[in-house]
Amino acid sequence: MQIILTRGLHAQLLALAAREAPREACGLLLGEAQEGGIARVAALLPAANVDAEPQRFFEIDPAVLIAATRAARLGGPQVLGCYHSHPSGVAAPSATDAAMAAHDGKLWAIVAADTITWWRDGPDGFEALSSPVQQG
């Protein structure tokens, strides 16, 4: 799978993660899945981290997820996946991430320090993806 996003979105994702530290930042990746395994990320939709322990875990505000899903059904951008940060960890899925994953093929972007890694939540677990092609 090839991911495409702008340099501005890359910078915005790093800034959102830094702003929320020491809490885990989280939100949705919106855009368009195209033929040939290309995912074009067009926007980030930040969400409140409603987990009881937001310094260690994340849970996207369900109202944000429901609203984005409804908007997609009405012709808005698709929910390609989610992003979250690991303020004191590494930019890779944690054991908790693996346990909470839906195995639905969605994208996950994980931010730690100044690093963003990309993953596909596949039926057999997380699959590492190459860094996105940055445009603009």
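Where does histidine 86 lie? Histidine 86 is in the loop between β4 and α3, with helices (H or I, at least four residues) and strands (E, at least two) taken as DSSP runs numbered from the N terminus. This is a predicted model, in which local features need pLDDT of at least 70 and side-chain atom pairs count only at pLDDT 80 or more, while totals for chains, interfaces and linings use all residues. Residues are numbered from 1 along each chain as its sequence is written, and side-chain values use heavy atoms, with hydrogens and water left out.

- Histidine 86 is buried, with a relative accessible area of 8%; buried means under 20% relative accessible area, exposed over 50%, and partly exposed in between (1.4 Å probe, protein chains only).
- Leaving aside residues up to four places away in sequence, histidine 86 touches Glu24, Ala92, Ser94, Asp97, Ile110, Val111 and Ala112, where contact means heavy atoms within 4.5 Å.
- Proline 93 is found in the loop between β4 and α3, and counts as partly exposed because its relative accessibility is 24%.
- With residues up to four places away in sequence not counted, proline 93 touches Ile110, Trp119 and Phe126.
- From C-alpha to C-alpha, proline 93 and isoleucine 66 are 24 Å apart in space, and they are 27 residues apart in sequence.

**The sheet**

- An open sheet is formed by 8 strands in the order β7-β6-β5-β4-β2-β3-β1-β8, with mixed pairing; two strands pair if DSSP finds at least two bridges between them.
- The edge strands, β7 (125-129) and β8 (133-135), each pair on one side only.
- From one strand to the next, the twist averages 35°; axes are lines fitted to C-alpha atoms, for helices over the stretch in contact, and angles run from 0 to 180 degrees between N-to-C directions.
- Helix α1 (residues 7-20) packs on the sheet and touches β1 (2-6), β3 (38-47), β4, β5, β6 (115-122) and β8. The direction of α1 makes about 35° with that of β3.

**β4 and its partners**

- Of the 8 residues of β4, 7 are buried.
- β4 pairs with strand β2 (residues 26-34) in the antiparallel sense over 6 bridges, and cysteine 26 has histidine 84 of β4 as its bridge partner.
- β4 also pairs with strand β5 (residues 107-112), in the parallel sense over 5 bridges.
- In β5, isoleucine 110 is the bridge partner of histidine 84, and valine 111 is that of serine 85.
- β5 is mostly covered, with 6 of its 6 residues buried.
- In a regular strand the side chains alternate between the two faces of the sheet.
- Both faces of β5 are covered: Leu107, Ala109 and Val111 are buried on one side, and Trp108, Ile110 and Ala112 on the other.

**The largest pocket**

- The volume of the largest pocket is about 690 Å³.
- On a 1 Å grid over the protein atoms alone, a pocket is an open set of points where a 1.4 Å probe fits, with protein on both sides within 12 Å along at least five of seven lines; lining residues have an atom within 4 Å of a point.
- The lining of the largest pocket has 31 residues, and Phe58, Ile60, Cys82, Met100 and Trp108 lie nearest the centre.
- α2 (62-73), β4 (78-85) and α3 (95-100) are the elements that give two or more residues to this lining, and the largest share, 4 residues, comes from β4.

Technical notes
Points joined across faces, edges and corners; volume = space filled by probe spheres on them.
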